[in-house]
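The points proceed from the contact between the chains to individual elements and side chains.

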Amino acid sequence: MDVFSGILTGFQTVLDPVNLLFCFGGVFIGTLVGVLPGIGPVGAMSILLPTTYGLSPVSSIIMLAGIFYGAMYGGSTTSILVNIPGEAASVVTCLDGYQMARKGRAGPALGISALGSFIGGTFSIFALVFLVFPLAQTALKFGPPEYFSIIFMSMIILTYMAAGSFVKAILMVLIGLILGTVGIDSVSGVARFSFGSTSLLDGMGLVPVAMGLFGIAEVLSNLEVEIKRSILETRIKHLLPTLQDWRRSIGPIIRGSFIGFFLGILPGPSPVVSSFLSYSIEKKISRDPGAFGQGAIEGVAGPETANNAATGGSFVPLLALGIPPNVSMGLLLGALMIHNIIPGPLLITQHPNVFWGLITSMYVGNIMLVLLNLPLIGIWVKVLKIPYRLLMPLILLCCLIGAYSISNNVVDIVIMVIFGIVGYILRKFDYEMAPLILAFVLGPMLEKHFRTSLIMSDGNLLIFLERPISCVTLIISALLLISTGFSYYRKMKGRVIT
Amino acid sequence: MKHKYHVIPIFFWIGLGLLVMILSYRLGLGGLRNPGPGLMPFLLGFFLCVIAVYFLLTFLSRKQTLEGTAHAEQGRIHVWRLWLVLASLFAYALLLEPLGFLITTFLVLLILFGTLDNRWSTMLIASLLTALIAYCLFNYLGVQFPKGILRGF
């Protein structure tokens, strides 16, 4: 199937009223969780994942993807109007977006952020289509050693990109990998770490673990420290940016599209990283860097475009290789696997409706999001006024129902709550959850490819270095590990001396 | 920032790593030619121990130690809310099947709404309405809830 007929198939799939409804549902929920601080797209996706079991694979994936990219739109609204990021990728938008709103320019700030997001999102969808094909073709030649090395490199990049301590990120990756080994070993059929529990024989479910670590833990953290929200009392007018605004924003939007897309391909919290990188580049190359932080429209346009473009980039490794680069993609992988669909190089040929349906739904979803976030901005301003005391019980109830509905078993609720406590405690000690959950998802794949490689090579570890792609990937991983370890060592040494 | 209590999880990781190594060893490590089910977790447990010990050593070698616990102090004000919410979540798991979805959800929501609000009328109405709406909505989505003591109705 060529690209053109693929796109036609995709539009046929997504314009089916049911899929269109789920696409709208996804982007609506995405905007909602983006607007509301206290729950992010990962939490919302994990809560809603069990409800997609009864849906068709296309509908469920379209809805979950909509939550992911929809949250990027919604997050900017809270950043601009409340000075609190609705979700992590919009942190940097607070700097200039809120200042613009304080100067009575909330309209153009919201407008450029929605339109920039649309441009970034659209660019990334086109780039995704053209990159996935050659990558998937190349990936067809990959064997277990290549897959092992690529997954290994993903984990190294993940720790490299972690916002906090490098050592803590490695520890979280190891914990995630260990958790991934629970259940029946697929090669030998031996039950590992199930301690006699039949519920653990299939391994720990992704949904209760993710819901606990992201949904419950987030609520518990918010219970301690109340989120104080004061919405800027300003009239939102002139949502469409002026010609002067466009002239200043077009450069940041173009650069943000490229930065976001290419960073999105890399493992890690790419929407967050790309928005920060875009902001710092715009500030650096600006003729008037002093204006940044005072309400410069470039500081809103660039990062908001970048975080949306990153969402498209994130789909490249998932769709072409079957390797999720971030937690949201890990959840999408989980959702596809529930329907017996394995993402990877064969997805395009085996399930063209899922592949093209997803891609075209992102385009349709982006159009819906512009409409939701510009003419209907008033709704989201009202949503921002919903008090947390009403939201908290609803989030928890969704988690409880979500966990129970996985297999109508209360054990999943218990697992979720335990992981909620674990997540809450780990946050207290400044550990990041993303490396843990991603390693948990990737762990079984890593082990399978490692063991198959060893069986293939009759126990010769050199197989990983004898194959060119695997060798290059491992060398890059080693260099990253050495450079990060070295800078960590220097930092520690510096602290001891002082 | 370094707080004394940050050392607790490091000891936990070391203990966990050792435990994983012991349990994996019992599962069978196999060899490189034919890796056993315990090989991968054993290696992971080993690396967990090594990195945790390294982290412990660098942690202890740092000079600056803040005696106070900023996080703990910040959280102490509302710590009872945490216990209440956690207790209600565990109670939900315990009571869902014997009492059924509607009654358990109503009771737990009553506690959850009450955690951050103290107006009885609001709590009652919000809990009742939410339980009913959730029941209808998720039932429509195909989720099968236990009926519990309302089985005959």
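Predicted model: local features only at pLDDT ≥ 70, side-chain atom pairs only at ≥ 80, totals over all residues.

1. The contact between the chains. Chain A contributes 62 residues to the contact and chain B contributes 61. The area buried between chain A and chain B is about 6000 Å². Carbon and sulfur atoms give 78% of that area. The count of salt bridges between chain A and chain B is zero.

2. Chain B. The secondary structure of chain B consists of six helices and zero strands, so that its elements read α-α-α-α-α-α from the N terminus on. Of the 153 residues in chain B, 42% are buried. Among the contacts in chain B with a separation of 6 or more, 60% join residues 24 or more positions apart. The accessible surface of chain B is about 8600 Å², and 73% of it belongs to carbon and sulfur atoms.

3. Helix α5 of chain A. This helix spans residues 93–102 and is mostly covered, with seven of its 10 residues buried. The buried residues are A:Thr93, A:Cys94, A:Asp96, A:Gly97, A:Tyr98, A:Met100 and A:Ala101. Their cover includes α4 (57–82), α6, α11 (270–285) and α12 (298–321) of chain A. After α5(A) comes A:Gly104, which has a positive phi near 80°.

4. Aromatic pairs, with A:Phe118 and A:Tyr363 as one example. Two aromatic rings are described by the distance of their centres and the angle of their planes. Over all chains there are 22 aromatic pairs. One of them joins A:Phe118 and A:Tyr363 in a tilted arrangement, with 6.3 Å from centre to centre and 45° between the planes. Because A:Phe118 belongs to helix α6 (residues 106–139) and A:Tyr363 to helix α15 (residues 352–373) of chain A, the pair ties together parts that are 245 residues apart in sequence. A:Tyr363 is partly exposed, at a relative accessible area of 26%.

5. A:Phe123 and A:Phe261. These two residues form an edge-to-face aromatic pair, at 6.2 Å centre to centre and 85° between the planes. A:Phe123 lies in helix α6 and A:Phe261 in helix α10 (residues 243–265) of chain A, so this pair links parts that are 138 residues apart in sequence. What is the relative accessibility of A:Phe261, and is the residue buried or exposed? A:Phe261 has a relative accessibility of 1% and counts as buried, because the limit for a buried residue is under 20%. A:Phe123, at 26%, counts as partly exposed. A:Phe123 and A:Phe261 also belong to one aromatic cluster with A:Phe258 and A:Phe262.

6. A charge over a ring. The charged end of A:Lys168 sits over the ring of A:Tyr431. Its distance from the centre of that ring is 5.1 Å.

7. A:Ile386. Where in chain A does A:Ile386 lie? A:Ile386 is found in the loop between α16 (377–383) and α17 (388–407) of chain A. With a relative accessibility of 32%, A:Ile386 counts as partly exposed. A:Ile386 and A:Leu371 are separated by 15 residues in sequence, and their C-alpha atoms are 22 Å apart in space.

Terms used:
Residues numbered from 1 in each chain as written. Chains lettered and ligands numbered in written order. Heavy atoms only, no water. Phe/Tyr/Trp six-rings, centres within 6.5 Å; stacked < 30°, edge-to-face > 60°. Helix = DSSP H or I, 4+ residues; strand = E, 2+ residues; numbered from the N terminus. Buried < 20%, exposed > 50% of the residue type's maximum accessible area, 1.4 Å probe, protein only. Lys NZ or Arg CZ within 6 Å of the ring centre and 35° of its normal. Contact = heavy atoms within 4.5 Å. Areas by Shrake-Rupley, 256 points an atom, 1.4 Å probe, with all protein chains shown as cover. Buried area = accessible area lost by both parts, 1.4 Å probe. Salt bridge = Lys/Arg side-chain N within 4 Å of Asp/Glu carboxyl O.
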